[in-house]
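Hi there,

Here is the structure I promised to pass on. Have a look at it first, and then read my notes below.

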Amino acid sequence: MYNQALNTFIEVADCGSFLKASEKLFISPTAIMKQMNLLEQHIGLSLMVRTNQGIKLTNAGESLYKDAKAIIQFSGEAIDRAYKAQNAGQRVVRIGTSALYPCKILMDLWNSVSDRHPHFKLKIVPFEDTSTRAAFSNVGKKYDLMIGPHNSVNVAKISKFLELGLYRFCLAMPKPHPLSGKKSISYKDLYGERFLMQARGNSPVNDKIRADIEQGHPEITIVDLPHHYDLEVFNRCAKEGCILLSLDAWSEVHPSLVTIPFEVDYRIPYGILSASEPNPETKQFLDIVRSLVEK
């Protein structure tokens, strides 16, 4: 309905810099600059001045900024009205799904009570695992909910989380790896190995595992990964022959890898991620699911 770059434009204007906007939107500063350049080309106006101190809006940019939020809100309301006209009496909740963030757990839970709530219809919206940051930022936009592990400080700032259970940490490695035949793996098994895991500072659970390795098992070489996993992380594990900190839920993600339980029982919550302020239909749906979980 409207140019999606307007969302990015508003965030850049509010933050005053590409870098700060990138941290909130979970996309790179380069990608943001490209969007802004294309937006300016599309409308034929200079919207911002780039300086060493940050971003300053031009007069045209100030004018567009004042109207952009209203444009986005009106567009969203127009789409909502169109959906309601097409599905009179129904409430549609969009569920994002991918290989790393499958929706089966939620679907199985909902199917147990769906006959009591026929006015709700679930729409499955697939997305690619090429950018997990983008997946999180699209909650409340392209889809209303997504399901998966959650222990991210950054994601918690922009979303709500309804816990459904716990995933157990496991170790993934290429099938030819010498450790691939073991039933479980201890820290000592990892001595001398290159160990891929999330960089410090975003997940308290991952930071705890890192601290345990650094303090008690310095023989393990930690290799930092991005804060959010995508399929490229699993490809890297397969290509480099390293060991990857993974989850039991991801055991079938990559055909060239095997997933083996970690003898140390680390776990991470999984559940439903929604926007910080979900729409009324989504909020009602979540209230129903929450009542099932709390029984």
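Among contacts in the protein between residues at least 6 apart in sequence, what percentage join residues at least 24 apart? The figure is 74%, where a contact means heavy atoms within 4.5 Å.

Two points on how to read this. This is a predicted model, so to speak of local features we need pLDDT of at least 70, side-chain atom pairs count only at pLDDT 80 or more, and totals for chains, interfaces and linings use all residues. Residues are numbered from 1 along each chain as its sequence is written, and side-chain values use heavy atoms, with hydrogens and water left out.

**The whole protein**

The protein has ten helices and eleven strands; these are DSSP runs numbered from the N terminus, with helices being H or I of at least four residues and strands being E of at least two. Its C-alpha trace spans about 60 × 60 × 30 Å along the principal axes. Of the 295 residues, 45% are buried, meaning under 20% relative accessible area with a 1.4 Å probe and protein chains only. The accessible surface is about 15,300 Å², and carbon and sulfur atoms account for 52% of that; the areas come from the Shrake-Rupley method with a 1.4 Å probe.

Strand 1 (residues 48-51) pairs with strand 2 (residues 54-57) in the antiparallel sense, over four bridges. To count as a pair, two strands need at least two bridges found by DSSP. If you want a place to start looking, Val49 has Lys56 in strand 2 as its bridge partner.

**Two residues to look at**

Ser22 is in helix 2 (residues 18-25). Is Ser22 buried or exposed? Ser22 counts as buried because its relative accessibility is 5%. A polar atom of the Ser22 side chain lies 2.5 Å from the backbone oxygen of Leu19. Leaving aside residues up to four places away in sequence, Ser22 touches Ile27, Ser28, Pro29 and Ile32.

His117 sits in the loop between helix 5 (104-111) and strand 4 (120-126). His117 also counts as buried, because its relative accessibility is 19%. With residues up to four places away in sequence again left out, His117 touches Trp110 and Ile288.

Happy browsing, and do write back with any questions.

Best wishes

Note on methods: Buried means under 20% relative accessible area, exposed over 50%, partly exposed in between (1.4 Å probe, protein chains only). A polar contact is a pair of N or O atoms within 3.5 Å; within protein, one must be able to donate a hydrogen and the other to accept it, and residues adjacent in sequence count only if both atoms are side-chain atoms.
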